Amino acid sequence: MADTPKTATLTIGDTTLDLPIHSPTLGPDVLDIRKLYAQGKVFTYDPGFTSTAACDSAITYIDGDEGVLLHYGYPIDQLAGKSHYLEVCYLLLYGALPSAAELEHFETTITRHTMIHEQMHNFFRGFRRDAHPMATMVGVVGAMSAFYHDSTDISDAQQREVASHRLIAKMPTIAAMAYKYSIGQPFVYPRNDLDYAANFLHMCFSVPAEDYVVDPILARAMDRIFTLHADHEQNASTSTVRLASSSGANPFACIAAGIACLWGPAHGGANQACLEMLKEIGTPDRIPEFIARAKDKNDPFRLMGFGHRVYKNFDPRATVMKQSADEVLELMGVEDNPLLQVAKELEKAALEDPYFAEKKLFPNVDFYSGIILEAMGFPTSMFTPIFALSRTVGWISQWKEQLSDPAHKIGRPRQLYTGPTQRDYVDVENR
Ligand code: ACO
């Protein structure tokens, strides 16, 4: 017997509406309000989208109460432990784990697209040396549409595919170049004999006078950071990419929009803000003062790296990242670094504090990723660019999924208008 379709009944004045309810494969039911305005002449009001599903998607599932993150059904801890970034990229792009031959072919394709158009080097040189690498990345990635015309036609599946590969392959090169430029060192070309993560570390830390030999433990930790940030459902930057794409904008412009959104301290910028906060705290004896500030309603200060819109339990990525942090700190011999001591003490103090327990504020992925990146030798300004390069595959996969739906529409929210009612214009001399 077929299931009876579920509906919800909404009464507005004299009008009664039956609204369909959709059942997802996982997660809460979704009330379909698409006909609400046409039939009931009301809008829904949900600033911050706390109760709104803006699309349907098969890529990533999060259960924030249980601390679950799945990509096409595979738990993030299994992917971070047993897989690697490029395999996860394949999974996100194509919806299935690759065979050995498919993976080899994909890795070769990505590796062979890592160089950027040589003329783009001049573009980098137009920025001030002290530009934040995220500012450079927003500009350079947006400018890719001026360099790769043959992959901007979104109606052509082949061009969409090429744009996807180009973005995933070139983003580490662009991030590394933004870094090299900011510290006044020459650009380092990608190396095809290194894997994705090792190549990125090499482009960041090698100099012509002295080659940088990539430690496999660091490359593995870097790869894990990429994997843990690869996709995260309809977060702010991904929703920005989808909204930009809904107008038919080209992929490079859409990803540049995602990078811009990610930059904010409430999102990807939190890893930089977290490290800066740890430096400001300075010594463990000052932790109570900062915890008190975070709890004070009259003080806008928040503990950066704590709390999450969706996770009201431990962020499953943070659990893996914490293990990785211990490995890297041991390898680098910096377990006694004062900054890291502050981080450990702060984590302990916050987890024991009833305020954070009651509000379900746990350390998020950015709390630990900043510590690892600091230990690896990255300046704080590179933390968010590394997040951006990791998330590129998520943005691209969601963009691809959106475009593959022939029914997708331009994103156009409405509003609760609070301005003046209609009034007549007054000439300037009469005001
Ligand atoms: N420190 C102190 N109090 C906090 C914190 C924090 N880090 N985060 C939330 N709260 C408090 C709020 O003051 C609020 O208290 P109230 O209910 O008494 O008003 C309550 O917890 C809920 O906070 P909201 O801001 O309503 O939660 P929201 O889901 O909108 O925000 C966010 C989530 C933005 C991540 C928030 O927790 C935050 O600002 N954290 C710090 C920044 C950060 O680490 N961002 C990284 C997010 S993860 C990522 O992008 C990969």
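The dialogue below goes through a predicted model one feature at a time.

User: Before I start, what should I know about the model and its numbering?

Analyst: This is a predicted model, in which local features need pLDDT of at least 70 and side-chain atom pairs count only at pLDDT 80 or more, while totals for chains, interfaces and linings use all residues. Residues are numbered from 1 along each chain as its sequence is written, and side-chain values use heavy atoms, with hydrogens and water left out.

User: Which domains does the domain assignment give?

Analyst: Domain bounds come from an automatic or database domain assignment. Here that assignment gives domain 1 (6–53), domain 2 (76–217 + 233–263 + 381–404) and domain 3 (270–376). The C-alpha centres of domain 1 and domain 3 are 39 Å apart.

User: Which residues come nearest to the ligand?

Analyst: A residue is near a molecule if one of its heavy atoms lies within 4 Å of it. There are 21 residues around the ligand, and R302, L303, G305, R309 and K359 come nearest. For the kinds of residue, Ala, Val, Leu, Ile, Met, Phe, Trp, Tyr, Cys and Pro count as nonpolar, Asp, Glu, Lys and Arg as charged, and the others, Gly among them, as polar. With those classes, the shell divides into 11 nonpolar, 5 polar and 5 charged residues.

User: How many residues does the largest nonpolar core have?

Analyst: In soluble globular proteins, nonpolar side chains tend to be buried together. A nonpolar core is a set of buried Ala, Val, Leu, Ile, Met, Phe, Trp, Tyr and Cys residues joined through side-chain atoms within 4.5 Å. The largest one has 115 residues, and those with the most contacts inside it are F200, M222, L303, L346 and F378. Helix α7 (residues 157–182) gives the most to this core, with 12 residues, where helices (H or I, at least four residues) and strands (E, at least two) are DSSP runs numbered from the N terminus. The core draws at least three residues from each of domain 2 and domain 3.

User: Is D315 buried or exposed?

Analyst: Buried means under 20% relative accessible area, exposed over 50%, and partly exposed in between (1.4 Å probe, protein chains only). D315 counts as buried because its relative accessibility is 2%. D315 lies in the loop between α13 (287–295) and α14 (316–332), and a polar contact of 2.9 Å joins its side chain to that of R317.

User: What is the phi of Y72, and where does Y72 lie?

Analyst: The phi of Y72 is near 45 degrees, a positive value in a residue other than glycine. Y72 lies in the loop between β5 (68–71) and β6 (74–75), and is partly exposed at 28% relative accessible area.

Methods. A polar contact is a pair of N or O atoms within 3.5 Å; within protein, one must be able to donate a hydrogen and the other to accept it, and residues adjacent in sequence count only if both atoms are side-chain atoms.
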